[in-house]
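Subject: Structure handover

Hello,

Please find the structure below, followed by notes on what was found in it. Could you read the notes with the model open beside them?

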Amino acid sequence: MSSSVRILALCLAATAVASCASTAMPPEDEEVSVYGAFLAARYAGMSRDVDGAATHYARALDQAPGNATLADRAFITSLLSGHTDQAARLARSTVQAGDPSRLATLYVAADQISQRDYRDAIASLNAAPDYGPFNTLMRDLLIQWAMMGEGEAVAAMDAANGTQAPGFLSSHLWLHKAMLADVAGEPEAADAAYRTAAYSAVFPRLATEMYGNFLEREGRPDEARTLYQTMLEANPDGPFVTDALRRLDEGARPRRRPGVPQMAGRALFGPASDLAEQADMDLSVIYLRMVQRLDPDYAPTRLALAGTLSRISLPQAALTEYAAITDEPFRFTAEFQRILLLQDMQRTDEAILLANRLWTEDGGVETKLLVADLMRLNGRCGEAIPLYEEIIADPDVAAHWRYHHYAAACYLDADDWTSAEGHYLAALELAPRQPTLLNDLGYFWIDRGERVEEAFEMIQQAATLEPENGNVIDSLGWAHYRLGHYEAAVEALERAAELNPGSATANYHLGDAYWQVGRALEAGFQWRRTLDLDPRPEQREGLEYRLTHGRPPIGEQYRVEDMSDAADDIGDAP
């Protein structure tokens, strides 16, 4: 073993990169190269730059071929970054080096099945021991589909009947067995297993899709329609169900049964998606990439991948997956999610452009509302208000309190209190116990000195409904403050700052309440702390005044109204 590989092995065994950084650098250029590439890969990975990590791990592996850990990391980071062809090549190198995670062997087998090299897939899977429970399940599913592809249908179905799965994944086996029987030309066995999967599975969407397609192909469209309608009632937003019902209405031919690689992908999709929904981690992406290798065009896989990539802080990779979805039943959902992700990434111009394009294509209320929301969130309320008003006035759109709430927020931004108040009241008529509405309107009334007693009761009701909501408890504390109940204000505002420690408003209010009860030192500390919490410009101005003069401005030291009865309610407030 060369000195470069020995030093690299020491670094890989260390608990932190920093401990390796103190190791004397090897003198040869090759050794410097592998060591530097490894550290660069580690740094890129810690920064969530998976493209950079994949590049540097591959470069390190070129300098130290046969290193199992480098091979495994190069393979995994290539998969995370979406370079699936490169990952397939690296997976074979990882298997040859020992495959420490056993993930490379599974991916090699998935790649072989996708190319219909079924016998090679079986050999690959049988060559690697000690998979662990989840990987064992994935291996068993892949082997049985490779057997089916090799023409060993009876053996594949017999093996499936003996397959075990971790408890929360056992329901997926019914769909796997149904699809095996379907491909084997055993319609009665397929029907029974499909029915069990569709009506008892914890993951019914895929089972409904596959069973419905089976019923259509078997010439049983009425039963397929009943199945789809049952699914639609449980999940009104299911795009494939709407498309399937439209196809039945038009009398169109059913879609062809997927081939063995695609069926294998469906079998793995359930467990992989289940894992992704329970844990946001890099490993979830690896399994979904295996599914994608088996069936690259399957839109639900891309949707699941994009959602997982977004949640594990790989938004650019998520955008790539969303943009690649062209299957019409799922394209709208993908575009919608891509717009929301662009907004989260503060790429607002792209988000608004794409939303307007989608609205032009779709013309629906949902896309109009999306455009309006983007305008509102990006300080363009003048453009959002007419859209909200159109939605509210549309007789074909079911009334919803949120439409009025968003319109009210925009009217407030435009300093039109009369219109904002009207929309708040209209929203409360639709949802009289909605905490957000009770809190917001109550807060504004208290702050304006209007309908004070009613406003205080509304805020208390909101606090009762959502006692762990920091914004609501802040409103309760500020209501006490404006009414002169300073001790009660301190109690509520301390709780609000505890629930929402990053809120500039809650901490600002708490500083004022401390000052009112004579706790000037704590007030000053709270005001200084608020300066570090990104306060609004008017809040920053007020904080600077307080810190300069040691007190709030005279005009802010008053009571809105004396409510003697309110003090009796303090003990009941959260």
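I start with a loop residue: D534 is found in the loop between α31 (520–531) and α32 (537–549). Helices here are DSSP runs of H or I with at least four residues, strands are runs of E with at least two, and both are numbered from the N terminus. D534 has a positive phi of about 55°, although it is not a glycine. At 68% relative accessibility D534 counts as exposed, where exposed means over 50% relative accessible area, buried under 20% and partly exposed in between (1.4 Å probe, protein chains only).

Before going further, the basis of these notes: this is a predicted model, in which local features need pLDDT of at least 70 and side-chain atom pairs count only at pLDDT 80 or more, while totals for chains, interfaces and linings use all residues. Residues are numbered from 1 along each chain as its sequence is written, and side-chain values use heavy atoms, with hydrogens and water left out.

R48 also has a positive phi, about 65°, and is not a glycine. R48 sits in the loop between α3 (29–46) and α4 (50–63). Its relative accessible area is 27%, so R48 is partly exposed.

Now the interior. A nonpolar core is a set of buried Ala, Val, Leu, Ile, Met, Phe, Trp, Tyr and Cys residues joined through side-chain atoms within 4.5 Å. The largest such core has 165 residues, and those with the most contacts inside it are F75, W145, Y194 and Y287. Helix α9 (residues 133–149) gives the most to this core, with 10 residues. A second, separate core has 15 residues, including W478, L493, Y508 and W527. In soluble globular proteins, nonpolar side chains tend to be buried together.

Which residues does Y287 touch, leaving out those up to four places away in sequence? They are L103, L106, F134, N135, M138, A272 and L275, with contact meaning heavy atoms within 4.5 Å.

An arginine is buried as well: R338, in helix α20 (residues 328–344), has a relative accessible area of 19%. Not counting residues up to four places away in sequence, R338 touches L319, Y322, A323 and L354.

Next, the aromatic rings. A search of the whole structure finds 13 aromatic pairs. Rings of Phe, Tyr and Trp (its six-membered ring) pair if their centres lie within 6.5 Å; planes under 30 degrees apart count as stacked, over 60 as edge-to-face and the rest as tilted. Y443 and F444 form an edge-to-face pair, at 5.9 Å centre to centre and 80° between the planes. F444 is partly exposed, with a relative accessible area of 25%. Ring pairs link Y443 and F444 with W417 and Y424 into a cluster.

Y481 and Y486 are another edge-to-face pair, because their centres are 5.3 Å apart and their planes are at 70°. Both Y481 and Y486 are buried. Y486 belongs to helix α29 (residues 486–499) and has a relative accessible area of 14%.

Two arginines sit over rings. A charge counts as over a ring if NZ of Lys or CZ of Arg is within 6 Å of the ring centre and within 35 degrees of the ring normal. R205 lies over the face of F240, at 5.3 Å from the ring centre. The charged end of R266 is over the ring of Y298, 3.8 Å from its centre.

Regards
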